[in-house]
Amino acid sequence: MVRTTAGPGSNIEALLDEYGVGVNSWVSDVFASDTDRLLLALLLEQRGQELVEALDDAQSEYTDEDSGTQYYAQQFTVTQSGPPEDVTDDQGRLDFGFEATSVDLRFTDSVEVAFKPQGNANRVIEYRKQDKHAEGIPVETQTMGVVRADSATSDPTVWVEAWP
């Protein structure tokens, strides 16, 4: 593969991809800050962490229990049957505890996500491993289903953040 000096095929993107902060399209590259992503890669290298681990460590920094602000953050490993029972409700779905309007996902392998009730058509969206994250997903739901996609090669670790 011929490396370019800019864009998704560049040497810098190949390096950043090792840390989970690379981009896979020109559109992503235009809107992603190279400086911020390079600083994040340096921080991850210095800590000896992967992106999902660093996000887990930062969970307490983003949660202010005293302020009453509604916020949901959870990290878990997902299998074909879904997340572990200790992070789901009795129907195997994540319950945010409030009506979420925006959700961010980060994942280490392909996952299938459902934001709609089971009776609705087109309810499952597949997020592929190479995407690594989906941010600002507009939703109007209190629960979310997530399972390992058929295309996944391992049980993905998933980080979910939701806001009202």
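A salt bridge here is a side-chain nitrogen of Lys or Arg within 4 Å of a carboxyl oxygen of Asp or Glu. By this rule, the count in this predicted model comes to four salt bridges.

**A network around Arg 106**

Arg 106, Glu 135 and Glu 161 are linked in a network of salt bridges. In one of these contacts, the side chain of Arg 106 meets that of Glu 135 at 3.2 Å, N to O. This pair links distant parts of the chain: Arg 106 belongs to strand E2 (residues 94-107), while Glu 135 belongs to strand E5 (residues 133-148), 29 residues apart.

Arg 106 also meets Glu 161 in a salt bridge, here at 3.6 Å, N to O. Again distant parts of the chain are linked, with Glu 161 in strand E6 (residues 157-163) and Arg 106 in strand E2, 55 residues apart.

Glu 135, in contrast, is partly exposed, at 48%. As a general point, side chains of opposite charge can pair when their charged atoms come close.

**Another pair**

Arg 148 forms a salt bridge with Asp 155, and their closest N and O atoms are 2.7 Å apart. Asp 155 is partly exposed, its relative accessible area being 36%.

| Pair | N to O distance |
|---|---|
| Arg 106 and Glu 135 | 3.2 Å |
| Glu 161 and Arg 106 | 3.6 Å |
| Arg 148 and Asp 155 | 2.7 Å |

**Strands alongside E5**

One place to look is Leu 94, whose bridge partner in E5 is Met 144.

Which other strand is joined to E5? Strand E3 (residues 111-114) is, through four bridges, and these two strands also run antiparallel.

Key: Residues numbered from 1 in each chain as written. Predicted model: local features only at pLDDT ≥ 70, side-chain atom pairs only at ≥ 80, totals over all residues. Heavy atoms only, no water. Buried < 20%, exposed > 50% of the residue type's maximum accessible area, 1.4 Å probe, protein only. Pairing = 2+ DSSP bridges.
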